[in-house]
Amino acid sequence: MSEGLNVIVCIKQVPETTEVEFDEETGRLKREGVDAVINPFDEYAVEEGLQIKEKYGGTVKVLSMGPPQAESALRETIALGCDEAYLATDRAFAGADTWATSYTLGLCVEKIAPYDIVICGLKTTDGDTGQVGPELAQHLGVPHVCYVNKILGIADGKIRLTRLLDDGVETLEAPLPIVISVSKDINQPRLATLRGRMGARKAEIKQITSKDVDADPARLGLDGSPTRVVKIFTPTPLEGGDVVEGTPEELAERIFQKLQECKVI
Amino acid sequence: MPEYGQVTQELRGKLEEIVGDKHVSESPEDLEKHAIDESLEPPHPPEVVVSPGSTEEVSAVMRLAYSERIPVTPQGSRTGLSGGSHPVFGGIALNLERMNSILEIDEENLMAVVEPGVLIVDLHAETEKLGLLYPPDPGQESGSLGGNISTNAGGVRGMKYGVTRDFVHGLEAVLPSGEVITMGGKIVKNSTAYSLLDLIIGSEGTLAVVTKATLRLVPKPRHTALVFVPFDSTRDAANTVSEIVRRKVVPYALEYMPRHAVETAQRYLERKLPDDSHPAYLLIAVEGNTVDEVESQLETVGEVCLEMGAEDAYVADTAAKQEQLWEGRKCLFDAYKAFWEIDEVDACVPRKHIPDYIEGAEVAAERHGVIVSNVGHAGDGNVHSIIARGELDEETWREVLDAVIGELIDLALSLGGTISGEHGLGLAKKRYLPRQVEEAQIELMRGIKRAFDPHNILNPGKVFDL
């Protein structure tokens with residue numbers, strides 16, 4: 001590993017909000033008047049890329065697909081310490097679902113290759129599907145691991161990592177190159193520094209269009225998206241519920257009683 | 001000790017008639033709960049806790065207390081730090097928590113009308129929904145507005161916006177006799193006669209019970225950013241503050257934290273802040289209506305920090321990242337309290353004397369063997385010296401604490417400062433008042449107190465002795 005590792009981090013710019021609003025008619029997200037930020041899950045991906053670089057050497061390239069204004073999100077990753085940033089931007093890319101997105105990202109990853117590890121955030125706060133990472137791996141023809149919460153080590157063309165599942169922690173070893181989707185407990189993302197931000201102002205954000213990657217127009221954007229949004233709605237938050245107060249012992253007793261009443265135990 | 005009447009069964013019955021059975025309590029839990037605030041003062045349980053729901057009820061309770069000579073201690077959410085809401089002479093704890101409605105947010109006049117039990121955090125949430133801001137932002141967000149008004153609380157935005165007094169334009173208050181008076185209103189200017197409004201603000205509940213307040217709001221700037229800057233010395237940090245001001249940038253907050261505070265925050269939050277290897281830190285918060293406006297302030301702030309010797313600084317631009325940094329500052333009082341027995345001095349000194357005060361406080365701490373963490377609103381000169389017991393035994397701690405508090409107050413006064421910047425004197429600091437003001441002033445204050453409260457029934461034993 002004397003030359004270090006080539007890492008590519010995929011990010012998306014999303015509206016900075018906890019409650020995403022959308023147009024009920026078209027099902028499109030309302031982005032007007034809301035600031036755009038790096039998808040919070042992708043910040044963990046960027047941080048993990050930087051930590052890999054600090055530990056093993058190499059480079060961290062960042063890739064995003066989006067409108068020209070997504071450049072500001074990429075510039076921010078340069079401020080954080082990433083080496084190069086690429087924006088896949090083309091009218092032909094617009095309206096893509098996760099499949100068309102991952103097809104496009106796959107072509108871009110191959111264009112900016114070589115790569116040992118592609119890191120994605122687990123999901124986006126606006127789309128919330130978690131599909132782009134696994135689909136990207138499919139397009140690239142490399143393995144993929146989701147829910148990664150720790151990289152144990154990278155050596156001899158293999159990566160050892162753990163992932164957090166509902167029923168426990170799984171330790172895996174996989175060959176490189178690989179695509180991983182990281183969860184929020186993998187690290188604590190750093191803040192950009194003043195000097196980093198100053199340097200990033202001048203950085204070049206390279207643009208990639210559909211022509212640059214010889215994309216099949218039929219597989220891009222809205223035309224290349226098999227997904228059809230039938231209905232979109234905000235789930236009603238659960239209401240009611242009992243609030244009980246007391247000492248830990250009292251609470252434990254109350255919960256036990258409640259579970260018995262509900263015939264759960 | 002003044003002669004006071006007792007809370008008899010008969011009186012209790014009358015109180016129940018006024019506010020309803022449910023809102024009069026003598027339960028040991030309630031008496032215990034209403035015996036303290038968040039200061040280190042020993043508990044002073046009331047004889048009865050009365051929770052009125054309206055101005056009329058407050059007035060009726062006061063009328064009764066006045067005729068029976070029962071001491072009444074107004075209480076908000078009891079988060080004060082100087083014992084101001086301790087019922088020192090027992091009597092009635094007048095709990096205003098039920099009067100917690102935001103009555104109006106007037107977007108044309110930019111004013112909010114609130115009851116005294118409204119929590120600062122709730123007013124902030126409601127005004128922010130409308131793109132408006134009530135700038136006073138004391139660290140204790142669960143504090144009530146009645147309490148904020150009574151102590152003239154400040155908070156982190158003091159540097160740019162001022163303190164509670166600058167935002168209270170109208171008050172309705174109940175006098176000890178039970179009479180209701182209204183002062184000011186939704187008006188920006190007011191030159192009509194003496195300002196009793198300003199007299200009541202900061203009077204720590206000793207002159208009248210605030211039952212309604214009209215508060216000025218400002219448009220909330222759309223964008224903010226926060227910078228966390230490590231420095232090699234307190235002096236470098238302080239010089240940076242002066243230089244930022246000199247370059248005509250007015251951050252909305254400018255906070256100082258020593259390394260001990262950063263370490264304590266990390267321990268309490270169980271996570272790292274961006275840096276913990278420097279002796280001094282500044283948190284600098286800027287705001288503007290456009291991203292460009294914020295970026296240009298950030299640029300100037302950045303230049304100054306680097307010129308003043310900072311190696312680099314960390315920039316939080318999204319709301320979530322700023323919140324994470326702010327948490328490191330705002331948790332400090334709770335963090336110190338979680339690990340040590342603590343007390344505090346909240347002196348305010350002229351901004352340029354902050355390093356003199358901090359260095360002097362550190363010397364005093366060293367000499368007495370206590371931990372003193374000087375956490376400050378560096379932008380306005382208000383330094384919270386958190387004094388923590390550390391390894392001292394109980395007896396030594398008590399002695400040392402008195403000495404340290406006295407020395408810190410003398411130090412602040414010698415630098416042209418004041419005993420309390422925003423917490424008030426209450427019970428804990430009242431004995432230091434003669435060190436700051438002439439006897440003639442205290443005598444005038446006594447006269448004012450007597451004019452409002454001839455029988456000394458409202459929050460007796462606070463601020464100064466009669």
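This is a predicted model: local features need pLDDT of at least 70, side-chain atom pairs count only at pLDDT 80 or more; totals for chains, interfaces and linings use all residues.
A residue is buried here if 20 or more other C-beta atoms lie within 10 Å of its own. Leaving aside neighbours within four places in sequence, the residues in contact with A:Ile117 are A:Leu5, A:Val7, A:Ile52, A:Ile159, A:Leu176, A:Pro177, A:Ile178 and A:Ile180. A:Lys150 lies 33 residues from A:Ile117 in sequence, and the two C-alpha atoms are 14 Å apart in space.

Burial also marks a helix of chain A. Helix H2 of chain A, residues 71-80, is mostly covered, with eight of its ten residues buried. The buried residues of H2(A) are A:Ala73, A:Leu74, A:Arg75, A:Glu76, A:Thr77, A:Ile78, A:Ala79 and A:Leu80. Just after H2(A) comes A:Gly81, which takes a positive phi of about 125°.

The next step is the contact between the chains. Eleven residues from chain A and 15 residues from chain B take part in the contact. On the side of chain A that touches chain B, strand E11 (192-193) and helix H5 (194-201) of chain A each supply at least two residues. The largest share of that side, three residues, comes from H5(A). By class, the residues of this side of chain A are five nonpolar, two polar and four charged. Strand pairing also links the chains: E11(A) is joined by two bridges to strand E15 of chain B, residues 314-316, and the two strands run antiparallel. In this pairing A:Thr193 stands opposite B:Tyr314 in E15(B).

Chain B is divided into domain 1 (9-98), domain 2 (102-219), domain 3 (223-327) and domain 4 (340-433). The C-alpha centres of domain 1 and domain 2 of chain B lie 22 Å apart. Between these two domains of chain B, 17 residues of domain 1 are in contact with 21 residues of domain 2. Helix H3 of chain B, residues 55-68, gives the most to the domain 1 side, with seven residues. That side of domain 1 of chain B has seven nonpolar, seven polar and three charged residues.

Which strands of chain B make up the open sheet with mixed pairing, and in what order? The sheet has four strands in the order E1-E2-E4-E3 of chain B. Strand E1 (24-25) and strand E3 (72-75) of chain B stand at the edges with a single partner strand each, so one side of each has no neighbour in the sheet. E1(B) pairs with strand E2 of chain B, residues 48-50, in the antiparallel sense over two bridges. Within this pair, B:Ser25 stands opposite B:Val49 in E2(B). H3(B) packs on the sheet and touches E2, E3 and strand E4 (92-95) of chain B, and the direction of H3(B) makes about 165° with that of E4(B).

Further along chain B is helix H4, residues 120-129, whose buried residues are B:Ile120, B:Leu123 and B:Thr127. These three cover an arc of only 60° around the axis, which puts them on the same side of H4(B). On the other side of H4(B), the exposed residues are B:Ala125, B:Glu128 and B:Lys129. What do the buried residues of H4(B) pack against? Their partners in chain B are strand E5 (102-106), strand E6 (111-114), strand E7 (132-133) and helix H5 (145-151).

E14(B) is mostly covered, as eight of its nine residues are buried. Strand E12 of chain B, residues 223-231, pairs with E14(B) in the antiparallel sense over nine bridges. B:His223 stands opposite B:Gly288 in E14(B). Strand E13 of chain B, residues 253-258, is joined to E14(B) by six bridges, and these strands also run antiparallel. Here B:Pro258 stands opposite B:Ala280 in E14(B).

Terms used: Residues are numbered from 1 along each chain as its sequence is written. Chains are lettered from A and ligands numbered from 1 in the order in which they are written. A residue is buried if 20 or more other C-beta atoms lie within 10 Å of its own, exposed if 12 or fewer, and partly exposed in between; C-beta atoms are placed from the backbone. The arc is that of the directions from the helix axis to the C-beta atoms. Two residues are in contact if their C-beta atoms, placed from the backbone, lie within 7 Å. Ala, Val, Leu, Ile, Met, Phe, Trp, Tyr, Cys and Pro count as nonpolar, Asp, Glu, Lys and Arg as charged, and the others, Gly among them, as polar. Two strands pair if DSSP finds at least two bridges between them. Domain bounds come from an automatic or database domain assignment. Axes are lines fitted to C-alpha atoms, for helices over the stretch in contact, and angles run from 0 to 180 degrees between N-to-C directions.
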